[in-house]
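Hi,

Here is the structure I promised to pass on. Have a look at it first, and then read my notes below.

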Amino acid sequence: MTDPSTSPDARNPLMSNEESHPWRRYVAIGDSFTEGVGDDDENSPHGVRGWADRVAEVLSETAEDFAYANLAVRGKLIGQIINEQLDAAVALRPDLVTISAGGNDVIRPGTDPDEITGQFEAAVARLSANGATVVVFTGIDVNFTPVFRPFRGKVAIYNENIRAVAEKYDCIVADQWALKSVQDTRFFAADRLHMNALGHHEVARMVLRALNVPNDLKPMEPAPHPVRTWREARTDDLIWARGHLVPWVLRRVRHQSSGDNMTPKRPDVAPIVPATPEPPATPEQATDEGTD
C-alpha cells in the first residue's frame, strides 16, 4: 500500500505548496453554516454566498474541469443531513467533501454530544469509503456570546469527539474553535447566530489553509465597534430578541425549521462562476448584515 504522505497529491499544512490542488469534484453538505446564511448575495442561489462558495471559487481558479455542489440546507439536524444529503453526496462521486453537522443538535437542551458524534462518525465513514478527502469542522468557541455561552462545554466535548473521528478516518480538520478572529460580534449578521460576509470570508481562508491551497484572499478588517449608550444597546437587544430570538424559539417549540420545504442551492456538481471582487468592509457590512 502506498504511503499517502509520499503521494504527490498529499497535503500537509506545515509544508509550503506552490502547485495546483488535486481536487476536481467538491461537494459540501451541512446546515445554514455551509449553505452560507448570513452572507447575503443577490447573485447567488438562495440569495446567499458563504464560505463554501468562496472556497470553491478559489479551487476553480487552477482547475479548468473543477465542479462544485452544495447540498446544505439551513436549520437541519444531523439526522436530517444524513437522511437527506448523504446519499446524494455519495452519488455525485466527489473527491473532496466538507461536512459540518451536529451544531444545531448540540445547542438544543438535553442533547448528548456523544450520541450526536455516533451519527457524525457514520456519515464520515461513508463519505470517506471511496477515497474522497473529507474536511470536518469543529464548532466555534461561543464564550464571546452570552446567548450561547451556556453551551460552551457541550461544544467543546463535541469538538474533541470530532477530532477523534478525524484521526480515525484521516480527515482534515477545519478548526473554528481556534479561529479567534471570528469570535467577535462584528463578524456576525444581525441575527447574532450566522456569520456575515466578513465571517464567511475568514472561514474560507481558514479552510484553504487547512487544505494547503495557495490563494490571494486577504483578511477583511471590520469597522470599529459602534459607540452606543447603555440604553441604545438595550434597545438593540430588544429589537434582536423580537426579530430573531423569539421566532427561533417558537420554531423549536413547534418542531419547525427555517429550512422546511427548501431544496439545496447547488444540487448538482457544476462549474462555478467566480464572484465579483469585494470592496473593503464598511461599518454597515460589519454591523448590519441581515439573514433569514
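How much accessible surface does the protein chain have, and what share of it belongs to carbon and sulfur atoms? The surface comes to about 14,700 Å², and 53% of it belongs to carbon and sulfur atoms. Accessible areas here come from the Shrake-Rupley method with a 1.4 Å probe, and for residues only the protein chains shown count as cover.

Some ground rules before the details. This is a predicted model, in which local features need pLDDT of at least 70 and side-chain atom pairs count only at pLDDT 80 or more, while totals for chains, interfaces and linings use all residues. Residues are numbered from 1 along each chain as its sequence is written, and side-chain values use heavy atoms, with hydrogens and water left out.

On confidence: pLDDT is the predictor's confidence in each residue, from 0 to 100. The protein chain averages 84, and 77% of the residues score at least 70. Over residues 1-15 the pLDDT is below 50, and this stretch has 16 contacts in the model beyond near neighbours in sequence (a contact means heavy atoms within 4.5 Å). Residues 282-292 also have a pLDDT below 50, with 31 contacts counted in that way.

Now the overall picture. You'll find nine helices and six strands in the protein chain; these are DSSP runs numbered from the N terminus, with helices being H or I of at least four residues and strands E of at least two. Of the 292 residues, 49% count as buried. Buried means under 20% relative accessible area, exposed means over 50%, and partly exposed is in between (1.4 Å probe, protein chains only). Among contacts between residues at least 6 apart in sequence, 76% join residues at least 24 apart.

Next, the strands. Two strands pair if DSSP finds at least two bridges between them. β1 (residues 25-30) pairs in the parallel sense with β2 (residues 67-70) over four bridges, and Arg25 has Ala67 as its bridge partner in β2. β1 also pairs with β3 (residues 96-100), again in the parallel sense, over five bridges. There Tyr26 stands opposite Leu96 and Ile29 opposite Ile99. β3 in turn runs parallel to β4, joined by four bridges, and the partner of Ile99 in β4 is Val136.

How covered are these strands? In β1, five of the six residues are buried. In β3, five of the five residues are buried, so the strand is largely enclosed by the rest of the structure. In a regular strand the side chains alternate between the two faces of the sheet. For β3, Leu96, Thr98 and Ser100 lie on one side and Val97 and Ile99 on the other, and all are buried.

Then there are the cores. A nonpolar core is a set of buried Ala, Val, Leu, Ile, Met, Phe, Trp, Tyr and Cys residues joined through side-chain atoms within 4.5 Å. The largest has 39 residues, of which Tyr26, Trp51, Val203 and Val207 touch the most other members. β1, α2 (51-60), β4 (133-137), β5 (172-174) and α7 (197-211) each supply at least two residues of this core, and the largest share, eight residues, comes from α7. A second, separate core of 30 residues includes Leu71, Leu86, Val136 and Ile162.

Two residues are worth a click. Leaving out residues up to four places away in sequence, Trp51 touches residues including Tyr26, Phe33, Phe137 and Val203. Leu127, found in helix α5, is buried, with a relative accessible area of 6%. Leu127 is 30 residues from Val97 in sequence, yet their C-alpha atoms are 7.5 Å apart in space. Among its other contacts beyond four places in sequence are Ile29, Leu86 and Val134.

Which residues of α6 (152-169) are buried? Among them are Lys154, Tyr158, Ile162 and Val165, and what covers the buried residues of α6 includes α3, α4, α5, β4 and β5.

Most residues other than glycine have a negative phi. Asp170, in the loop between α6 and β5, has a positive phi of about 55 degrees and is exposed, with a relative accessible area of 63%. Arg93, in the loop between α3 and β3, has a positive phi near 55 degrees and counts as exposed at 60% relative accessibility.

Cheers
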